[in-house]
Amino acid sequence: MQLLSPDGRTLAVNDAWKDLWKIPDEIIQNYILKDYNVGKDLQLDLKGIGHLIRKGLSGETIEIPPILYDPAETGLAGEPKWVTGYMYPIKNLSGELEEIVLTHRDITQTKKAEEELRRSRDQLQFIFEGVLDGILVQDKDFRPIYANEAAARMCGFESPQKLISASIEEILSSFEIRDEIGNPLPGEELPARHAMSGKGSQENVVMRVHNLITGEETWSIVSAKAINDEKGIPFMAVSIFRDITADKKRQERVLFLSEATNILSMSLDYRETLNKIAKLAVPKLADWCSIDVMEEDGPKTLAVAHADPEMLKFAEELTLKYPPDWNAPTGSPNVLRTGIAELYPIIPEELLEKAAQDPEHFEILKKLGLKSAMIVPLKLKDQTMGTITFIGAESGRVYNETDLEMAKELGARSALALENAKLYRRSEQLTKDLQNALNARDEFISVCSHELKTPITSMKLQFQLAEKMLADGDMRFFEKGVAEKRVISSNRQIDRMVRLIDEMLDISRINVNKLDMEKLPLDMREILEETLGRFENQFKSSSIEITTDLPEGNWFITGDKFRIEQVLSNIITNAIKYGGSKPISVRLLQNENHVRIEISDSGIGIATEDLERIFNRFERVASSKNITGLGLGLFISKQIVLAHKGKIWAERQQSGGTTFIVELPSDLPS
Ligand code: ADP
């Protein structure tokens with residue numbers, strides 16, 4: 001204690017003061033009690049209490065906050081110490097200030113103990129913050145009173161402060177807690193409540209927390225313990241959470257992918273495979289899943305899945321009304337082009353607006369509640385065969401990079417399954433084609449033998465008859481008129497056989513690419529006239545009227561005379577065969593730089609759907625069954641015309657009948 005005068009001088013100090021400050025007596029006598037003025041001590045100003053001292057000197061009662069006093073500052077010996085004090089005014093009877101008592105108290109020990117406590121608390125806090133496990137302390141009303149960063153995060157809060165300042169209602173309405181299997185976990189079963197209710201600690205309870213605000217799902221293992229007061233009544237619960245989301249997700253991924261691989265490997269049907277992939281993703285990976293595939297004639301949506309069939313129907317109608325824009329800069333069309341996956345953790349409204357084709361479409365898209373999306377390529381090596389689109393909607397799921405990785409893996413596996421299905425489809429087609437080819441060959445052999453047998457049988461009959469008549473000495477067969485007729489008929493049969501054999505030879509030449517062509521200048525008008533001349537007898541005997549329009553001019557082409565004649569003969573033979581003895585017309589005209597020949601009949605005609613087919617190998621139209629032929633003539637003709645860089649086709653005549661048109665590049669003088 002120190003007694004001061006109002007002007008700051010020291011009037012007296014007691015022993016305790018001397019003991020506290022450890023100032024030698026000599027200095028007290030010669031300095032403190034003489035020249036020292038506490039109101040002017042700059043040291044006290046530096047420590048921030050000078051103004052308080054001066055206030056005390058003016059008569060106020062003052063509490064002086066703790067200050068650190070280091071004797072070294074004034075050149076004295078001793079340990080630094082924390083000191084607090086009071087200033088009390090002493091007034092005379094008329095209320096005037098006479099003296100001031102300044103007390104001092106050494107609080108170094110208390111201060112040290114406090115500091116020690118704070119340091120160990122900070123250290124504990126520091127350790128708790130660093131722990132990856134979440135630590136949550138709740139009072140008896142389950143209000144959080146302490147949470148570390150990890151606990152706050154697992155409870156879906158940004159920071160421990162936010163969690164602690166949130167109301168219980170706020171906390172409970174921000175997530176939904178389920179057990180490992182997915183059943184809701186009732187409040188009283190939560191480990192902290194369980195422990196507080198006196199049922200004992202709970203350890204390693206697996207909890208699935210679905211954050212209703214962010215849509216995120218996390219998994220934790222929780223252990224909780226109650227802390228009792230001295231009477232043994234629980235007043236606090238400490239819960240430790242371990243986040244096992246990553247492990248659980250990894251486990252789920254492995255399971256899902258192996259299930260997917262199983263399902264995919266079981267299906268060889270292309271469409272079925274796509275549908276299976278889409279269905280597999282719903283609801284485990286998405287609320288909506290659709291698959292777009294690059295087909296020969298462009299991209300197509302081949303599978304869409306949603307848990308609710310009503311929604312599926314709605315989506316179908318929507319797609320009909322607003323077909324996808326395959327040139328869109330984002331989404332499936334873009335992934336199809338680039339092969340690079342897209343992830344939209346949150347689908348922003350602008351994206352929907354961009355995707356919408358009109359305001360009504362935009363409204364519908366908004367109503368569908370599409371929240372999060374990812375689009376991955378169906379990629380095999382570097383080839384993007386299609387895309388899978390996953391959409392999170394009503395479940396509130398939010399996709400992240402881990403989900404994208406898994407979706408990409410599913411995309412890669414699906415692409416492989418799709419390729420297998422495609423190969424299978426192709427091999428099935430090949431088997432079918434092969435079977436058709438075998439059937440056609442068998443039919444060809446049977447038609448061919450029939451075609452050869454008919455003239456041979458007829459000739460054999462002639463010769464058997466001749467043989468018998470010769471044996472009987474009956475010479476009527478050999479009389480001029482009769483013999484001539486029979487020789488002509490036999491010759492015709494031989495011609496027919498020669499033609500059949502020639503056709504077969506041509507086919508085998510075509511098969512080995514050996515249909516050699518000469519390249520000489522040919523006058524088409526001359527060739528047509530010659531060919532028609534050869535048919536003159538046949539036209540006459542079948543009383544077919546023939547009209548020609550063969551104007552003079554430059555009708556030169558380059559080619560093989562024999563082969564071109566073969567084409568024309570074949571068309572004319574058909575016109576006679578299928579023309580029903582009705583008129584035939586032949587025209588020669590110029591079409592740009594082509595010589596064009598049109599040969600029309602008025603016969604049975606050819607159905608539109610058969611017009612192209614008849615130029616294929618062995619193709620014959622069913623209705624002409626009773627007319628003979630191998631179905632090879634037009635096939636050979638087409639090969640010849642193609643070898644001349646020309647075109648041949650058939651058109652239906654409005655009046656019935658058919659027009660065959662041949663166009664060959666003309667040899668125009670340059
Ligand atoms: P084929 O030797 O059977 O006549 P082609 O290859 O010459 O063989 O003709 C193929 C098929 O085309 C014929 O079997 C016939 O059904 C049809 N066809 C060809 N020309 C005519 C035509 N002028 N009128 C009607 N059908 C025709």
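A salt bridge here is a side-chain nitrogen of Lys or Arg within 4 Å of a carboxyl oxygen of Asp or Glu. By that criterion, Asp-549, Arg-587, Arg-596, Glu-598 and Glu-663 are linked in a network of salt bridges. The structure is a predicted model, in which local features need pLDDT of at least 70 and side-chain atom pairs count only at pLDDT 80 or more, while totals for chains, interfaces and linings use all residues. Residues are numbered from 1 along each chain as its sequence is written, and side-chain values use heavy atoms, with hydrogens and water left out.

Back to the charged pairs. Side chains of opposite charge can pair when their charged atoms come close. Searching the whole structure turns up 38 salt bridges. One of them joins the side chains of Glu-363 and Lys-366, at 3.5 Å from N to O. Both residues belong to helix 15 (residues 359–367), where they sit three residues apart, about one turn of the helix; helices (H or I, at least four residues) and strands (E, at least two) are DSSP runs, numbered from the N terminus. Glu-363 is partly exposed at 39% relative accessibility, and Lys-366 is partly exposed at 33%. For these labels, buried means under 20% relative accessible area, exposed means over 50%, and partly exposed lies in between (1.4 Å probe, protein chains only).

Arg-525 forms a salt bridge with Glu-529, the closest N and O atoms being 3.8 Å apart. Because the two are four residues apart in helix 18, about one helical turn separates Arg-525 from Glu-529. Glu-529 itself is partly exposed, with a relative accessible area of 41%.

Arg-476 and Asp-474 meet through their side chains in a salt bridge of 2.6 Å, N to O, and Arg-476 counts as exposed at 52% relative accessibility. Leu-470, Met-475 and Phe-478 make a nonpolar surface patch of about 290 Å². Patches are made of residues with over 30% relative accessible area and no salt bridge, with like charges joined within 9 Å and nonpolar side chains (Val, Leu, Ile, Met, Phe, Trp, Tyr) within 5 Å. The areas come from the Shrake-Rupley method with a 1.4 Å probe, and for residues only the protein chains shown count as cover. Ala-471 lies in helix 16 and is exposed, with a relative accessible area of 69%. Its C-alpha atom is separated by 170 Å from that of Lys-40, 431 residues away along the chain.

Helix packing is next. Two packed helices are described by the angle between their axes and the distance between the axes. Axes are lines fitted to C-alpha atoms, for helices over the stretch in contact, and angles run from 0 to 180 degrees between N-to-C directions. Helix 10 (residues 245–266) and helix 11 (residues 270–281) pack at about 160°, with their axes 10 Å apart. Helix 10 is therefore roughly antiparallel to helix 11; angles under 35 degrees count as roughly parallel, over 145 as roughly antiparallel, 65 to 115 as roughly perpendicular and the rest as oblique. Helix 11 also packs against helix 16, at an angle of about 160° with the axes 9 Å apart, so helix 11 is roughly antiparallel to helix 16. The crossing of helix 10 and helix 11 is right-handed, and helix 11 passes helix 16 in a right-handed crossing too. A crossing is left-handed if the near helix is turned anticlockwise from the far one by less than a right angle, and right-handed if clockwise.

Most residues other than glycine have a negative phi, and most peptide bonds are trans. Val-282 and Pro-283, however, are joined by a cis peptide bond with omega of about 5°. Pro-283 lies in the loop between helix 11 and strand 12 (288–295). Asn-204, in strand 9 (residues 202–211), has a positive phi near 50° and is exposed at 52% relative accessible area. Asn-513 has a positive phi near 60°; this residue is found in the loop between helix 17 and strand 17 (520–523) and counts as exposed at 73% relative accessibility.
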